[in-house]
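Try each task before reading its solution.

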Amino acid sequence: MEDQIKAEFIKSDFTLDQEDEILNKCLTFCINYKLTPSDLVSSWEIYYLNRQLNEPVVRDVEMDGFLQHLQNEQKEAITSKEEPGLHIYSSNDVDMILNGENVDIEETVLHTPISKSQNRYSDSFDSTPQTNGNVPSSGKPTKLITPFGRRNNKFVVKFSIENMPHTENVKKEDENENQDDDDIIRRVKPGKRCSLVVHGSGPEIDCRFMYDRIADRFNALENRILKHATALVSSGQYEEPVDPTVSSEKSIFTVGMICCDGEGHLNEKSTLLQSSAEHSGGQRVRVELHNVSQYSIFPGQVVGIAGHNPSGHCFIASKLIDSIPLSAAADEELHPAKKPALDPESLSIGLAIPQPELSVIIASGPFTTIDNLLFEPLKELLAYANRKLPQLLILLGPFIDSEHPEIKKGNVDRTFDDIFQFEILRRLQDYAEYMGSHARVVLVPSVRDANHDFVFPQPPFDIHPPDLKHQIISLTNPGMFEANQVKIGCCSVDILKHLSGEETSCFPKDGTSRDRMSRLANHILGQRSFYPLYPPAESVPLDFSLAPEALNISLIPDILILPSDLKYFVKVLSLGEGGEGEPPVKCICVNPGRLSKGEGGGTFVELNYYGSPDTSNASIIGI
């Protein structure tokens, strides 16, 4: 079993510091608590996130704390089975009942007290009342100081890239730092309103789903293969693809989708290639990759392969092309009907900007800690945004996380829609009204949102805030849009984590390969798909009957937002060669991390885009 435990840790990208001691203790934990290796590693991931450990390394010094975590999990499981609906009344409850105060107990939970010296940003904006006025008979107000409220390091920059010319932005920052405008002056202070244009199409609100057929899946995969084949041939670098299942001693070129011959993890000996129905009737053939010096493949990846098939049963590859050449997509233009402007001034603003500029704050849920539903991290984020005055605030779900312990247990006395309206939309409306007409907020749902459709691709939220419809909008998941001519793509499904678990790669030992996160993110752009993995992960309700084109990346974005449970990052990606004498296309890929992790705070990203990814600033900030 120790080998199985080690394999599970490696599968989840963890390394073992003192391997023998750790495996011995983990084996004991499995036996004592009747856990499988998979369950044990899942518990370790929760412990790892709650403790906010920096490196994915399992250390022996953490084993005692991990043991305590397992014991707490066992106690919680037993308690929830015995008395799932039991409520213990306190003296405060009795006082309220005797005084005739019909107040929900949860509403007496107050805000997290934060001193001015600890957080200068939260003073300027706070849309959440600090108290509801209920004071017990003892005369002392009821206050709850949460672990999130007791954190010490607030708004600390954990990583940054500094490329932007320090001109106007430095001046703006100095002005904000050296003057304390009162609320009235800040509200009327003029700001640059960014234009907003949505690209592509996706599922509509109230769409019907769970109706996809086998034919829908087949057609979607077939179209992907044919589009890749057409793009490769039209680039002029490759010949027409042929059937790879036919025996041939001469070198041929073919296009197909990578598949695995079993239920396990893909490896070089279990790799199959499924060609299109047009070229081979959809047949599969085994692929031998030992002649390819380096590769990175995963199930569902569409590739071009050069090689030969001497026996008819095994295609021996000599070259593998895992992305569409940029020259094939250089002339792609969206139909005007698929580029609706969200406000009348979008065209005039777009024409007036000499080069794209945008200030944006990006955050991904959960937006509350696992020990309560107070949404303290969201309140802190909005206070920071109020201080920094970004043109655009992008929030990706989950907003009402279906994985939250209180949501899973049903320990809430409001509907999920009510929680979303009161805790999320109300705060965002207060923020937009406070900031003025130049502030804009974009919401992207998640399949983990308890108040939204459990399907992917996902329709936007059905929100119509009064008088703020041009300031607070919702996109599909995934979605593409332009803000001040800056193309932005975003997807709240954790495709990076899913690819990380399914990818297999090989690189020369003496060569230097790109870092793994950049490689995974490049797969998204190279495949021109927000979710190129097939079959999808079990947690992804992929439905091909809705809008298979919604997954397509029709143009290379300037900013690609891929929130993930993996470690946060901001990276400038280079995609292929732009052509003769042209530089490669650049893209800023952002994983903002999660705004809350366990009982503590997480991270978000503040990004200032100026002209191109190479001349932009970005900072990952701990909340």
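## Exercise 1: a loop residue and its distant partner

E55 is partly exposed, with a relative accessible area of 45%; buried means under 20%, exposed over 50%, and partly exposed in between (1.4 Å probe, protein chains only). Before going on, note that this is a predicted model, in which local features need pLDDT of at least 70 and side-chain atom pairs count only at pLDDT 80 or more, while totals for chains, interfaces and linings use all residues. Residues are numbered from 1 along each chain as its sequence is written, and side-chain values use heavy atoms, with hydrogens and water left out.

Task: place E55 in the fold and find how far it is from K567.

Solution. 
- Step 1. E55 sits in the loop between helix 3 (37-50) and strand 2 (57-58). Helices (H or I, at least four residues) and strands (E, at least two) are DSSP runs, numbered from the N terminus.
- Step 2. Along the chain, E55 and K567 are 512 residues apart, yet 8.9 Å separates their C-alpha atoms.

## Exercise 2: two helix pairs

Task: work out how helix 12 (residues 376-388) packs on helix 14 (residues 416-435), then do likewise for helix 15 and helix 16.

Solution. 
- Step 1. The axes of helix 12 and helix 14 lie 11 Å apart, at an angle of about 10 degrees. Axes are lines fitted to C-alpha atoms, for helices over the stretch in contact, and angles run from 0 to 180 degrees between N-to-C directions.
- Step 2. Helix 12 is therefore roughly parallel to helix 14. Angles under 35 degrees count as roughly parallel, over 145 as roughly antiparallel, 65 to 115 as roughly perpendicular and the rest as oblique.
- Step 3. On the helix 12 side, L378, K379, L382, A385 and N386 meet E423, I424, R427, L428, Y431, Y434 and M435 of helix 14. These contact residues divide into eight nonpolar, one polar and three charged. Here Ala, Val, Leu, Ile, Met, Phe, Trp, Tyr, Cys and Pro count as nonpolar, Asp, Glu, Lys and Arg as charged, and the others, Gly among them, as polar.
- Step 4. For the second pair, the axes come within 10 Å and cross at roughly 105 degrees, so helix 15 and helix 16 are roughly perpendicular to each other.
- Step 5. Helix 15 contributes I495, L496, L499 and S500, and helix 16 contributes R516, L520, A521, H523 and I524. This contact splits into six nonpolar, two polar and one charged.

## Exercise 3: the cores

Task: which residues touch the most other members of the largest nonpolar core?

Solution. 
- Step 1. A nonpolar core is a set of buried Ala, Val, Leu, Ile, Met, Phe, Trp, Tyr and Cys residues joined through side-chain atoms within 4.5 Å.
- Step 2. The largest has 47 residues, and F456, L560 and L562 touch the most other members.
- Step 3. Elements that each supply at least two residues of this core include helix 8 (214-234), strand 5 (248-260) and helix 16 (516-526).
- Step 4. A second, separate core of 37 residues includes A363, F367, L373 and L425.

## Exercise 4: cysteines and a cis proline

Task: how many disulfides does the structure hold, and where does P535 lie?

Solution. 
- Step 1. There are zero disulfides, a disulfide being a pair of cysteine sulfur atoms within 2.5 Å.
- Step 2. The sulfur of C259 is 8.8 Å from the closest cysteine sulfur, in C260, too far for a bond. For C587 the closest is in C589, at 6.2 Å, also too far for a bond.
- Step 3. C259 is buried at 6% relative accessibility, and C587 is buried at 1%.
- Step 4. P535 lies in the loop between helix 16 and strand 18 (559-561), and is exposed, with a relative accessible area of 57%.
- Step 5. The peptide bond from Y534 to P535 is cis, with omega near 0 degrees.
- Step 6. P535 and C260 are 275 residues apart in sequence but 9.9 Å apart in space, C-alpha to C-alpha.

Definitions and conventions. Contact = heavy atoms within 4.5 Å.
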